[in-house]
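Hi,

Here's the structure I promised to pass on. Have a look at it first, and then read my notes below.

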Amino acid sequence: MIVFEHVGKRYGGRFEALANLDFRVRRGEMVFLTGHSGAGKSSLLRLVMRLERPSRGRVLVAGHDIARLHPSQVPFYRRQIGVVFQDHQLLFDRSIYHNVALPLEIRGVEPREAARRVRAALDKVGLLHRERALPIELSGGEQQRVGIARAVVNKPALLLADEPTGNLDPQLSADIMALFEDFNRIGTTVMIASHDLALIARLRHRILRLRDGRLVADEEAA
Amino acid sequence: MSREATRPAPRGAHTQRSRSGSRLRAWGRHHRAMCLDSARRLIRFPVGSLLTMLAIAIALVLPAALWLALDSARLLDAELGESATLTAYLEPHVGDAQATRIEEAIAAQQAVARTRLITAAEGMAEFQQALGLADALGRLDDNPLPASVVVMPLDPAPEAVRELAGELEGLAGVEEVRLDLAWLERLRHLAELGHRVALALGVLFGLGVLLVVGNTIRLAVESRRQEIEVVMLIGATHAFVRRPFLYSGAWYGLGGGLFAWGLLALGSEWLAAPVSALGASYGAAYQLPRLGGEGSAILLLCSTLLGWLGAWIAVSRHLSQVRPR
């Protein structure tokens, strides 16, 4: 699903964020990406989301070298990926329902079909009863679940998450991770950047460890 | 995982057609939604929206008013063109019978539309009437006035009229041909000058409208920056992001155009009485022109397009700067 071939990324010509990354993630796999802050986790995810292009090497997603996508194709590429952000990136001027419906609106999904899918996604994260609420009325954990619902409402083949449990207490974090596992169980490839080592260790999935932009360990699922 | 990779194989023409049909419907749905949404946002901040629209209206009124005035000057010019006549004064010894023959000869010329003969006696009568000097002139033994032929040329252009005058002067029995074109030419030059000034002002104020709308939309983009970043992260195209702002710009333009239309109507109402009084004093039934249906449509169309264009420029400039974090 994701193949990194000798990928390097420099910013401003000097700072080397990623160096010689070489790995592949199989379809349907669940992978954790870990390391200290500044180790390159976010940079790696940004490459997969095609927010940036590698300075060296190639990033292949579903067999396509995404650096070679024409700028006009990039939006269509991003529609195939669900992304969960640490700070949720919800729109605070619209309801939970409309936040989750946003990707469907962008794709032009017919409203009745969109309503069905939004409710299904909200039901999955346990927030169906809050669909009319505004994000500000929700707790941090609930907001993150809305972010997850928005990421999966398109039924993406690939789900990326950048520190999805960054600001949550251990119990909520475990709940969120359990949600990701559920999506992985139905075939979604999941890649999660997190520095919550204790939690990750308990979950027994493959772990990619980064240090100073290099891959220092690739631990297969126990 | 590009578009091609996940698109199922087409199952024939019917599926293809229904898919492009649903895409078109989705596109139409988004347009409708953004059209209404942008209108609602304008209404939510009525004072700001009204100020923007008024600024646009004021920028539009001046060139539109000048244009109207020139339009009416063109009408006036056409009327004056008809009065571009020549007068051929005949030699004093020419009698009435000969004068009639000369008039016929003139009328036979190709460049001549109409002629009218004024015999010496008729000329005297007109002169007396015009000056109110019947008594004084009546005491003269002889009629000192020559017969004359008033000639209406087919083509009122100054060059053509001048050429015709030369030809008429060559005719036997014609002493002198009088024409006074200088003032007509002056008017034409003034009208030409006015047109160019109007065009320059139109371009200048059109740019003003672009700037007003551009600046307003720039602020709107800035205030919705987070939203733009988020929708671009989840796969919105530039067209999708641009659309609500383009509608806002078009609404501003349309609103400004409507205000401009109202100001023009008010202005011409206010000026109508003195203008027609002035016209009457020159013996002309001159009326201030009004923006007709066509003119109104052009004004509103131009203002809406200017608003749309201003928004397009502002959003496009900012889309290249907004980079999702």
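**Strands in chain B**

Let's begin with one pair of residues: B:Y89 sits across from B:S148, which belongs to β3(B). Keep in mind as you read that this is a predicted model.

That pair is part of a bigger picture. Strand β1 of chain B covers residues 86-90 and runs antiparallel to strand β3 of chain B, residues 148-153, with four bridges between them. β3(B) also pairs with strand β2 of chain B (residues 112-118), again in the antiparallel sense, and here there are six bridges.

Now zoom out a bit. Chain B splits into domain 1, made of 31-79 + 185-278 + 285-319, and domain 2, which is 85-180.

**Two helices in chain A**

Over in chain A, helix α3 (residues 96-107) packs against helix α4 (residues 111-124). Their axes are 9 Å apart and the angle is about 120°. At that angle, α3(A) and α4(A) are therefore oblique to each other. The crossing of α3(A) and α4(A) is right-handed.

Which residues make the contact? From α3(A) they are A:Y97, A:V100, A:A101 and A:L104, and from α4(A) they are A:A114, A:R117, A:V118, A:A121 and A:L122. Sorted by type, the residues of this α3(A)–α4(A) contact come out as eight nonpolar, no polar and one charged.

Cheers

Key: Residues are numbered from 1 along each chain as its sequence is written. Chains are lettered from A and ligands numbered from 1 in the order in which they are written. This is a predicted model: local features need pLDDT of at least 70, side-chain atom pairs count only at pLDDT 80 or more; totals for chains, interfaces and linings use all residues. Domain bounds come from an automatic or database domain assignment. Two strands pair if DSSP finds at least two bridges between them. Axes are lines fitted to C-alpha atoms, for helices over the stretch in contact, and angles run from 0 to 180 degrees between N-to-C directions. Angles under 35 degrees count as roughly parallel, over 145 as roughly antiparallel, 65 to 115 as roughly perpendicular and the rest as oblique. A crossing is left-handed if the near helix is turned anticlockwise from the far one by less than a right angle, and right-handed if clockwise. Two residues are in contact if their C-beta atoms, placed from the backbone, lie within 7 Å. Ala, Val, Leu, Ile, Met, Phe, Trp, Tyr, Cys and Pro count as nonpolar, Asp, Glu, Lys and Arg as charged, and the others, Gly among them, as polar.
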